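Could you walk me through this model in my viewer, one selection at a time? Please tell me what to pick next and what I will find there.

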Amino acid sequence: MALIDVRSVGKIYRSDGASVTALKNVSLEVNAGDFIAVVGRSGCGKSTLLNLCGAMDFPTTGEVIIEGRSTTSLTDAELTRIRREKAGFVFQSFQLLHTLSAVENVELPLLLARKPNARQTALARLCAVEMEQYADRLPHQLSGGEQQRVAIARALVHSPRVILADEPTGNLDSATSQSVLKLLLNSTREFGVAVIMATHSTENIFAANRIVRLHDGRIEGAMSGVR
Amino acid sequence: MKSRAIAAFLAMLLSASARQWQLALPGCHYQFPRDHFSHPDYETEWWYYTGNLRDPGGHRFGFELTFFRVAVNLPQQTVPSDASWRPDQIYLAHLALSDIDRGEFYHTERLNRAGPGLAGIDSSEGRYWNGNWQVRWVSLETGEQELRAVCERFAIHLDLTPEKPFVIHGRNGVSQKGAEPGRASHYISFTRLRASGQLESNGGSFSLTGLAWMDHEFFTGQLGSSVAGWDWFAIQLDNNEELMLYRLRNKSGQADPYSSGTYVDARGESRFLDSSQISFSPGEFWQSPVSGAAYPVAWKIAVPSLDLELSERTSLKDQELFSRNSYSPAYWEGAVTYSGRIHSQPVNGVGYLEMTGYKETQKVGAH
Amino acid sequence: MKTLGPLLVNLIVRPMGRERVRTALTLFAVALGVGVVIAIDLAGAAAAGSFHSSLESLAGKSTLVLHQTGGIDQSLLGRLVQLPYAFDFAPRIEDFASINGKGEALPFLGLDLIGHPGQHEFQNDRPDSAARDLAGANPVWVGQRLKLRPGDQVSLLINDSIHRFTVRGILKTRRGEIAEKNAIVADIGLAQQVTGSAGKLDSIDVTIPPDHSVDYWREILAKNVPAGITIDDQGSRTEENRKMLTAFRSNLRVLSYIALLVGAFLIYSTIEVSVVRRRADIGIVRALGATRKMVATAFLAEALVIGLVGSVLGVVIGRVMAQGAVALIGSTVQSLYVSSEPAPIALTGGAILIGIGTGLLVSMLAALAPAIEASQVAPVEAMARGRQEYITITRSGKKVVWAAAMFATAVVLSKLPPLERQPIFAYAAALLLVAGTASAIPATVSFFEGVAKRAVSLLLGVEGSLALHALRASLGRTSVLTSALATAVAMSSSVGIMVGSFRETVWVWMEDQLKADFYLSPAGRPGADRHPTMDPGIGSAIERLPGVAAVDRARSYTISYAGLPATLMGAEISKAGSSRNTRFMPGQDRNRILGQLGRGDYAIISEPFANKHGLGVGSEIVLPLRGGKQTFKVLGVYYDYSTERGIVLLDWHTLLKYLPDAAPSSLVVFLKSGADPEAVHRGIDGVIAGRPVMVLTSSKLRREGIAVFDRTFRITYALEAVAVTVAVLGIAGALLALVIDRRREFALVRFLGGAQVQIRRIILCEAGLLGLLANGIGLGLGTLLSLLLVFVINKQSFGWTIQFHWPVALLLAVLTTVFVATLLAGIYPAGVATRMNPIEVIHEE
């Protein structure tokens, strides 16, 4: 069974009184271990697709089925639960809480889900991204790359099934970008996590095993098996 | 406004059933000095002091100080148990000063009850007073009196010495003013008092001498309803003779037959004059800008039996006592001069003229 | 200068317009603060009755007044009117009457209506009133407020008797003379009779001739009146009462300023928030050439706008609140100070200007620090990449030093004596305590965070931890908000403690003092300047009843002493067999003092009297009584809480020696042991025989006394409530700002699996923690302030010794209310946060 099944999904926003069609008739299947790169210019609907897959939003038309459950019919509480258990997010601007230390940032999802042993698990995750010596540093004391590593640790701390990464290397230089991509790739191999990455940089595509091209909300083309 | 309140208050006091006051009837046994003082059984009483004064420089003044007493019939319920404030007698007083040479006339009045010594007549102390206006008998035998009055504008102090004994006007001890018994008063005058004293006023300080006249009348309802008012003359001639003359005026303006007068000769002997013996001719009128009443301020008087012909004149036309707040009706009372002849001799004199009842809306003599 | 306009609009006006709710909340909080200051000011002036003692109504144009304690012998009037000066003397009888024995005490005046009818104007009577039947006896003229018509019959309670009067007319009032609206005027003879003052006058009004000065005529009068007569200026009683009320009104004013102070904190917080948010914009604007001054001016302008709009609103709110305040203050003034009619509330142009001016001044001062901070933002901040949240580096260490200094100064100031009978230094000390606490709050919050971290995470979970963390993170903001709320809590708790202590002291004192079995006094509402009397026969008749051990008599007079009103009392307290428990100040031997009191011209004085006039044991008091000036030696100072006016207490017989009127103001009845109280009560009722005399047991008297006390302090409770409301409104606004500023954070939490309800919980936890902190700090500050209030301010203002006492129930109620209110204040902001769409927020990046 597919991890995430996106079936003929359309999404229309209302913004300042006008409707904006972000996605039109998009279909996609995500399986465990997939590393999907969603490419296209900014504003073409990449983030929207990611949000739908991460149960942060639900489609106007069509459905998104996550592990057999359609998100459209879910309440906010149930969506929250999906997010807690199934999805992890990584952002372009890292989005760490500035007043919390690295380990405090990482353990936050576990605390929110009231899971026990949050601190230990968080430390273990930091180890996994080789950031354990910076556990008590505050984000502004870390470089961009280090912050993103912490963010990835955070995204993985609750053992999700899918990582949604929105331009994860957008604010990083190429060397750091590579190491971050490597981390993401590792997680697909080690934990069977699916990664859906939105990017407009062609350099990043090498890590993906499928490429989906979006243009004006529609899928233009898909390629697979690059790896 | 003041008068409304006092009217309301007095009306309340007075409008009860009439009590029987004593009437002025003939055959009264006078006893002096007792009868110079208060007669509370009679409804109304007054002591009138007027005079013509002059300072050494010739500056002329006239003055009037009058003490009125009015008895009030108090019904039983309104009597407060504290007798001292009981308004069973009301004391009104008038004070006026005529500055003849400057042409200024000032008058003021006050109203009081006896209270704890606010006003009254005291025969044992020999004085009449209303606040700090008082006349005190220095000697009950000689009749020498001391007059003092203080008001905001001036203070006057006079020693009064009778140059003649007092006279009782009328016939049989009453001065009859109408046909019915009681339409009369007991009327006593000192017709010639030598006055000397001091006047302190805003205009200066004056040493004054001159002649004064004192009237004392007591009665109950002396005037009938047909009388509108009267014109009263006090005449002090420079030949040491005096006359008191009054003309009662009917509503139609005619002289009433009960008008009369008294002639006092140089020795102090008095003679009654009835209305047939006196003729009055009013002359020039002066209209008061304040009350609107028109007073004849010039008169011609004749008493043929005395070979008397006098013209009365005044240098100060406005000597009217009237203010909207006044308790009493408007009347004209002023210092005047006389000239003419008597007993075929030319003669001059001073005196006072009082004219009442010229303001239509108020009836004189109700009290 | 050209850039300032658009600068203002972009930096200030637009953002204010965008956050309508927050702006509204801040405005309203400021308006409330300004409003309460205005309300107290207006109400204070009105309640003092335009400074008129109602007994001084209808005084006409007189300039001087003659008085004598115990009444002037009326024969003096006769002598005075005959003096050869153009004075005008108008006699007066002054007393109080209440209609049918119920309701307010109205001034009852006896005037010489024949000699002096023109001092007041009577309205037109009905045309037939003069002819009305005189069976309606005892005519009176009444003021408009009494709503009577000519011809009406009215029963008046004067002293201990009821008399019937007929209304003859209505008094016309002149503009501004409110006292005449309530007065009842009778002719003087009648007044003497019904007030039981035959042969005496209460005062004589003197109009002087215009040609010399007042002092010249005063000397002339002094030569012509006997030694016991005082010659006062007309209106001096009003002046004295005004002085008495000054302390009371000052206290209220200071309380109202605290509400404004809370508002000031809020303005500081609001401007500070503006500055923080727009740091980047400021940087840009500076980079484009705006000067430091322009930037500072822009933020000051924001404060100006808030201050102006808030003040104008405050004037309106204040005027409305003044109405309620007058009712509260008015009854206090009536019962504790002077019988006077509240004047209409006069919202003069001056009052409006002062109100708006004060509001503006406070706003500008509060905004000064943040505006200066804004002007120091360097242009380089515009270049910062991404919008980093600015972490406040508060130098809490240095501030603690400041705080300590302020506390120390406050302690020093609290020891200083009053200035012009006002505890100015104590007020300054209070201000310093508040400022010191505000300085120490950042350190306190940090400390609290460190200490409470574990407990909070245990009890409140991750939401609590995040909340606590957030408070610590924006320490600047948190401190200001905590200061505002803590100040309001401190004010409430300190006043609550003071009132509670006072109440307890008074209660204990009453329990101690009121040991007799029955207390009798004339019926009608009691008042500080009214001393109605009873028939002397009542006391002796009760004494003869079986079961009665003793009857103590007391008589009180209102006197003036050194320009202040006071009470002169004669009482039987050393009578053998009676046991009044007068408590003297430490070191004074009660038995010896009471034993000696009746043996000569001795007096004891109450504590307020001693404190007001700086007198003590051994001092000599000179009083003008009948027969001249009499000297009394002070034997002791005793505690008394029955009136703020001081009391000079003589032995009953000593008083009677100089003021021979034996009609008592009150009677105290002691029963023999074993006597049946019910039977005696019935006996007393029989003696009184239907007269309007009150008979109270000591427990009833205590309840009445404490009821008066409680009524008195209602106004302070109202003020406290306003201060707390201001603070809570401010908190709501500030939390809203907080929520908006941290929306990215909340959105992120949602991404991380946080549910909506968890977001709500975070904010409520913040509100709750804030409330907890504020309560704690407020209670601490409040206790310190209450020490000031109880031991310094109260003592210097009124002269009482109060025993410190914790009104636990009241404090708990206040703290709980504040805490709950703070939580409630968080509900709306929490709702706003929950409704935010995380996608939109993060998408902004």
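In which sense do strand S1 (residues 4–15) of chain A and strand S2 (residues 18–30) of chain A pair? Select both: they run antiparallel, paired over 9 bridges (two strands pair if DSSP finds at least two bridges between them; strands are DSSP runs of E with at least two residues, helices runs of H or I with at least four, numbered from the N terminus). Lys11(A) stands opposite Leu23(A) in S2(A). Next, click the turn of this hairpin, where 2 residues lie between the strands and Asp16(A) has a positive phi of about 55°.

A note before moving on: this is a predicted model, where local features need pLDDT of at least 70 and side-chain atom pairs count only at pLDDT 80 or more, while totals for chains, interfaces and linings use all residues. Residues are numbered from 1 along each chain as its sequence is written, chains are lettered from A and ligands numbered from 1 in the order in which they are written, and side-chain values use heavy atoms, without hydrogens and water.

Now go to chain B and show Lys177(B) with Glu217(B), a salt bridge with its closest N and O atoms 3.3 Å apart (a side-chain nitrogen of Lys or Arg within 4 Å of a carboxyl oxygen of Asp or Glu). Lys177(B) sits in the loop between strands S11 and S12 of chain B, and Glu217(B) in strand S13, 40 residues apart. Both residues are buried (under 20% relative accessible area; exposed is over 50%, partly exposed in between, with a 1.4 Å probe and protein chains only).

Finally, select Asp99(B) and Arg102(B), whose side chains meet in a salt bridge at 3.5 Å, N to O. Asp99(B) is buried at 6%, whereas Arg102(B) is partly exposed at 43%.
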